[in-house]
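Please read this report with the sequence and the model side by side. Each section takes up one topic.

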Amino acid sequence: MPVASSSSPSPQPLRASCSQPQGAGRDAGFSLLELMVVVVILSVLALVVVPRVIDRPDQARAARAKADIASVVSAVKLYRLDNFRYPTTEQGLQALVSRPSSDPAPANWAEGGYMDRLPVDPWGQPYQYLSPGVHEEFDVFSYGADGSAGGTGVDRDIGSWTLN
């Protein structure tokens with residue numbers, strides 16, 4: 001049976017060139033001008049990026065405080081489910097870790113508590129607790145970076161009422 005011939009040419013193998021570029025024997029490093037251009041470009045990028053990154057730690061601390069407060073709020077609500085009331089302001093958040101000895105004594109306090117330990121806020125201060133609260137049935141809050149009531153920016157109070 002005859003084979004039909006194709007009009008396309010047969011593929012030719014590619015050959016690698018082994019010649020060296022001119023000047024390969026000279027130093028193949030970067031010139032001072034090229035390095036200076038790179039330094040200037042990196043400096044401009046740093047001027048644009050650094051101010052945006054510097055604000056992030058404060059935002060991270062506020063986010064951590066909100067997460068801690070949400071965790072404490074959940075534990076306080078579990079306490080109420082078992083004991084039909086919230087811990088008093090005097091009993092405080094410590095009532096979530098160890099059984100309160102002051103009145104009203106919890107009748108059904110969970111063995112092992114409601115939290116392993118109480119978190120401290122990102123600025124190293126204990127979280128505050130009020131029952132009844134100013135904003136809700138109870139308030140769990142941090143005074144922020146300045147450690148005192150009120151404030152703006154990083155000094156702003158962060159509380160359970162700000163979670164929604």
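Asp-58 and Arg-61 are three residues apart in helix α2, so about one helical turn separates them. Helices here are DSSP runs of H or I with at least four residues, strands are runs of E with at least two, and both are numbered from the N terminus. The side chains of Asp-58 and Arg-61 meet in a salt bridge, at 3.2 Å from N to O. The term salt bridge stands for a side-chain nitrogen of Lys or Arg within 4 Å of a carboxyl oxygen of Asp or Glu. Side chains of opposite charge can pair when their charged atoms come close. Asp-58 is partly exposed at 31% relative accessibility, and Arg-61 is partly exposed at 33%. Buried means under 20% relative accessible area, exposed means over 50%, and partly exposed lies in between (1.4 Å probe, protein chains only).

Two salt bridges are found in a search of the whole structure. Asp-68 and Arg-64 also form one, with their closest N and O atoms 3.5 Å apart. These two residues, Asp-68 and Arg-64, are four residues apart in helix α2, again about one helical turn. Asp-68 is buried at 15% relative accessible area, whereas Arg-64 is partly exposed at 39%.

## The model and its chain

This is a predicted model, in which local features need pLDDT of at least 70 and side-chain atom pairs count only at pLDDT 80 or more, while totals for chains, interfaces and linings use all residues. Residues are numbered from 1 along each chain as its sequence is written, and side-chain values use heavy atoms, with hydrogens and water left out.

The chain has two helices and three strands, in the order α-α-β-β-β from the N terminus. Of its 164 residues, 24% are buried.

## The sheet

The three strands form an open sheet in the order β1-β2-β3, with antiparallel pairing. β1 and β3 (158–159) are at the edges and have a single partner strand each, so one side of each lacks a neighbour in the sheet. Two strands count as paired if DSSP finds at least two bridges between them. Antiparallel β2 and β3 are joined by two bridges. Phe-141 has Gly-159 in β3 as its bridge partner.

Which residue has a positive phi although it is not a glycine? Phe-84 does, with a phi of about 65 degrees. Phe-84 sits in the loop between α2 and β1 and is exposed, at 66% relative accessible area.

Pro-104 lies in the loop between α2 (56–83) and β1 (128–130). The peptide bond between Asp-103 and Pro-104 is cis, with omega about -5 degrees. A cis bond also runs from Ser-131 to Pro-132, where omega is near 0 degrees. Pro-132 is in the loop between β1 and β2 (139–142).

## Aromatic rings

Rings of Phe, Tyr and Trp (its six-membered ring) pair if their centres lie within 6.5 Å; planes under 30 degrees apart are stacked, over 60 edge-to-face, and the rest tilted. The count by this rule is six aromatic pairs. The rings of Tyr-129 and Phe-138 have centres 6.2 Å apart and planes at 40 degrees, so this pair is tilted. Tyr-129 and Phe-138 are both buried. Ring pairs also link Tyr-79, Trp-109 and Tyr-114 into a cluster.
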